Amino acid sequence: MPISLAHYPAVKTPSSASIILFPGWGFTRECWQPLLHSLKEVSDVYALDIDYSGENLNQLCDAIAAILPEKMIALGWSLGGMLATRLASDYGDRVQGLITLASNGVFVANTQWVSAMEASAFMKFSSQVRKNPDLGLKKFLSLQTLGDDQAEQKKQWLQQLPQDSNTDSLAQGLQILAKFNNVQRLSTIHCPGLHFLGANDALVPNDASTLLRQQFGEQHKLITIAGAGHVLHFPQATIIDHLSEFFSHLQHEVISD
């Protein structure tokens, strides 16, 4: 299964753990450009491009883990955040920190986790993608900026980003999203965590923060970004101070150990 990994070397002496970037569904590693400079100040950075076609979730996670550095800080957006969370649970001895942006315990709501996208809305969107991928992706861009105070600026940025053009990968990625369930894994993650949610996110309801707080351990901090939709890392200044504080805390813990 094609999974590529781009390396962005640290601009100074890197920390012991590399930063691994997991993109959201429909996007390539270029979605992380706004944060790259700041992240390279901390450590070596590796950004994934993922082809979801042809593999199930277990195979996908194992294949990703097989090509990553031994010690890492996993940082993911949306579906990428769910993958990073899964990795932190399954490979807890390797993941020293977990950061998620606009990521939920599940993506499609169920009786166990109601604060997520309604199943009927997800089925309608999936059908649009299968019938007309281009139109489906345009719809997805609109959903990501819906309700955002900076909707037009963020929409323009999203539109100029390279997108996943592999229709099989897009379709399989949606199947993974539909079934993805991290709920039982959240309480098993023992590394420090930082989790950002948008107050006006149309894809991850803000009241998911209550469920996430109930499941995550004490080492995990949840931050709601006022006025934001699903796009939280552009403009980057919104979260960069929180990230810097988190990395400093991680480095202090490593030194203390």
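Which backbone nitrogen does a side-chain oxygen of N56 reach at the start of α2? That of N58, to within 3.1 Å. This counts as a polar contact (a pair of N or O atoms within 3.5 Å; within protein, one must be able to donate a hydrogen and the other to accept it, and residues adjacent in sequence count only if both atoms are side-chain atoms). Bear in mind that this is a predicted model, where local features need pLDDT of at least 70 and side-chain atom pairs count only at pLDDT 80 or more, while totals for chains, interfaces and linings use all residues. Residues are numbered from 1 along each chain as its sequence is written, and side-chain values use heavy atoms, with hydrogens and water left out. Helices (H or I, at least four residues) and strands (E, at least two) are DSSP runs, numbered from the N terminus.

**Helix α2 and its cover**

- α2 spans residues 57–66, and L57, L60, C61, I64 and A65 in it are buried (buried means under 20% relative accessible area, exposed over 50%, partly exposed in between, with a 1.4 Å probe and protein chains only).
- Looking down the axis of α2, those buried residues fall within an arc of 130°, so they line one face of the helix; the arc is that of the directions from the helix axis to the C-beta atoms.

**α4 against α7**

- α4 and α7 pack at an angle of about 170°, their axes 11 Å apart (axes are lines fitted to C-alpha atoms, for helices over the stretch in contact, and angles run from 0 to 180 degrees between N-to-C directions).
- The two helices are therefore roughly antiparallel (over 145 degrees; under 35 counts as roughly parallel, 65 to 115 as roughly perpendicular and the rest as oblique).
- F122, F125, S126 and V129 of α4 meet L174, L177 and A178 of α7.
- Those contact residues split into 6 nonpolar, 1 polar and no charged (Ala, Val, Leu, Ile, Met, Phe, Trp, Tyr, Cys and Pro count as nonpolar, Asp, Glu, Lys and Arg as charged, and the others, Gly among them, as polar).

- Most residues other than glycine have a negative phi, and most peptide bonds are trans.
- S78 has a positive phi, near 60°, and sits in the loop between β4 (72–77) and α3 (79–90).
- A102 also has a positive phi, near 50°, in the loop between β5 (95–101) and α4 (119–131).
- Both are buried: S78 has a relative accessible area of 6%, and A102 has 1%.
- F234 and P235 are joined by a cis peptide bond with omega about -10°; P235 lies in the loop between β7 (220–225) and α10 (237–256).

**Around S103**

- S103, in the loop between β5 and α4, is buried, with a relative accessible area of 5%.
- Not counting residues up to four places away in sequence, S103 touches S78, G81, M82, F196, L197, V204 and L212.

**On α6**

- Q156 is in helix α6 (residues 151–159) and is partly exposed, at 48% relative accessible area.

How values were computed
Contact means heavy atoms within 4.5 Å.
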